[in-house]
There are 2 protein chains.
Amino acid sequence: MQLIDGKQTSKEVRMEIAAEVAKLKEAGAKIPHLAAILVGHDGGSESYVAGKIRACEEVGFKSSLIRFEDDVTEEELINKVKEMNNDADVDGFIVQLPLPKHISEDKVNETIDPRKDVDGFHPVNVGRMTIGMPAFISATPQGIMELLKRYQIDTKGKHCVVIGRSNIVGRPMSVLLSQKGNPGDATVTVCHSRTANLKEICLQADIIIAAIGSPGFVKGDMVKEGAVVIDVGTTRVPATDTKSGWRLKGDVLFDEVAPKCSFITPVPGGVGPMTITSLIINTLKSAKKEIYQ
Amino acid sequence: MQLIDGKQTSKEVRMEIAAEVAKLKEAGAKIPHLAAILVGHDGGSESYVAGKIRACEEVGFKSSLIRFEDDVTEEELINKVKEMNNDADVDGFIVQLPLPKHISEDKVNETIDPRKDVDGFHPVNVGRMTIGMPAFISATPQGIMELLKRYQIDTKGKHCVVIGRSNIVGRPMSVLLSQKGNPGDATVTVCHSRTANLKEICLQADIIIAAIGSPGFVKGDMVKEGAVVIDVGTTRVPATDTKSGWRLKGDVLFDEVAPKCSFITPVPGGVGPMTITSLIINTLKSAKKEIYQ
């Protein structure tokens, strides 16, 4: 069994990007610029955005943070989004979710220029991904694709079972893995809460992507010998032996499943560390006009 | 075994729409208007467009046909698309494919206002469909969903195997059937040319959607007793006993497969007749602003 070390891979990707940025600086070229819009003071959102800005600093990107209070109007927020769309210095930007209830997330999302939508949530990017055109892919799926690629995990003709059909993980993973390409060309089954014979289907899987948000859902007797298991779950469960009082739990019962696997991602330290790095990858792609001309 | 009669269903849908249009006329309201842009004189395209216009007449829609010769420039065509986007009388329009090689189909497609994209090919509509927002769904997948609904075929928790991953059939079918809803909520497996154990997977299917364009590909020994089989194949094969010299062949070896099925679509007369009707459904939805406000 080999552990897929997302922390290490993330570090490597960031070092590669930092080297590329250093060259840009040497050549006197424009430095990639990621901006984040943060509304309110939710603890989770604060720490995500802080992590994104730290990652920018680490690779040498320019970053900016635009803050609004919770009582910002939808119109004000949308005007700021339009301003960012038109700011030639900004290569990509994100609006940190969730937003206060009086603001339509769909409306804000659809206002973002798809060419700067490094979160990959705009319908144009989802649509382009679905039909196999160049597109910004959202953070978690892109991180998983990067891990599969760097660990040279062969997906062609393999049976991949995706548990979960969310718009941010399950759905894009099922599309990407079944498309032509490498990683890709897999036979993909999408399972979810309505699936009748989940255990039977999982037992056929060469690759399992568990993305349901149910701690320890995938047990040892659901996984065949030699399978690759990617655990996307990150549920906070109460813990008495941590300073925070909680601990991250994956969707996979690691101790039971790991001995049967050829490859497995741990939680924490597997998929998680790749997500912010994916945003950095997308910002670089935007700066280099790799997706849109 | 029950035959799914697409010809009959299509007729019923058109009659329902005709009744709705008649009411609009009575009330003095605007009549839905579908426009088609046709470039060149390809025989297949001519006959598809003619069928679309006939369908408009049948239900009482207004229709218009804009023709260009093969040597139209990309710019001229795109200007016409923009004109249609801005024509308040046009509820929906299509640009008949294929286009001559000197014109980018992607560029033309992306110029169409998604709110009038009744073919459902624009990335915005594909993206909205993928994330479960209201969207124009392309003709064949929408026709299949309508058949499943009208024949009250239960898809919830069923294992549905989609053979083929094309952007116009396989991909959208796999997304729609695995989404929440009815029809929907199925466990969906996407198979394609790289799939290793296709027969084994098909034998598990409660519902098979065959969309590979390979005549007679699905054989009797690939289908379990009681399965629902939807045949999307329409390959022209040479025939000595028809006036045209050819005959339509589906992807399913009907004589072997039909006796095992609970429901099956014939070719011709199954999925095919529903495609143009889907376009009519979409045009009505556009006129009623059901997808976009």
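## Exercises on a two-chain model

In S6(B), Val190(B) is the bridge partner of Val188(A). Keep that pair in mind as you work. The model is predicted, so to speak of a local feature takes pLDDT of at least 70 and side-chain atom pairs count only at pLDDT 80 or more, while totals for chains, interfaces and linings use all residues. Residues are numbered from 1 along each chain as its sequence is written, with chains lettered from A and ligands numbered from 1 in the order in which they are written.

**Exercise 1.** Find how chain B is placed relative to chain A, and what each chain brings to the contact.

*Step 1.* Superpose the copies by least squares on the C-alpha atoms of residues with pLDDT of at least 70 in both. The same surface serves both copies, as 100% of the contact residues of chain B recur in chain A.

*Step 2.* Count the contact, where two residues touch if their C-beta atoms, placed from the backbone, lie within 7 Å. There are 25 residues from chain B and 25 residues from chain A.

*Step 3.* See where they come from. On the chain B side, helix H5 (123–130), helix H7 (170–178) and strand S6 (187–191) each supply at least two residues. H5(B) gives the largest share, seven residues.

**Exercise 2.** Is S8(A) enclosed or open, and what are its neighbours?

*Step 1.* Apply the burial rule: a residue is buried if 20 or more other C-beta atoms lie within 10 Å of its own, exposed if 12 or fewer, and partly exposed in between, with C-beta atoms placed from the backbone. Five of the five residues of S8(A) are buried, so the strand is largely enclosed by the rest of the structure.

*Step 2.* Check the directions. Ala227(A), Val229(A) and Asp231(A) point one way from S8(A), while Val228(A) and Ile230(A) point the other way.

*Step 3.* Take the S7(A) side: four bridges join S7(A) to S8(A), running parallel, and Ile207(A) stands opposite Val228(A).

*Step 4.* Take the other partner. Strand S11 (residues 261–264) of chain A pairs with strand S8 (residues 227–231) of chain A in the parallel sense over three bridges. In S11(A), Cys261(A) is the bridge partner of Ala227(A), and Ile264(A) that of Val229(A).

**Exercise 3.** Locate Ala88(B): is it buried or exposed?

*Step 1.* Ala88(B) lies in the loop between helix H3 (74–86) and strand S4 (92–95) of chain B.

*Step 2.* It has 7 C-beta neighbours inside 10 Å, so it counts as exposed.

Notes. Two strands pair if DSSP finds at least two bridges between them.
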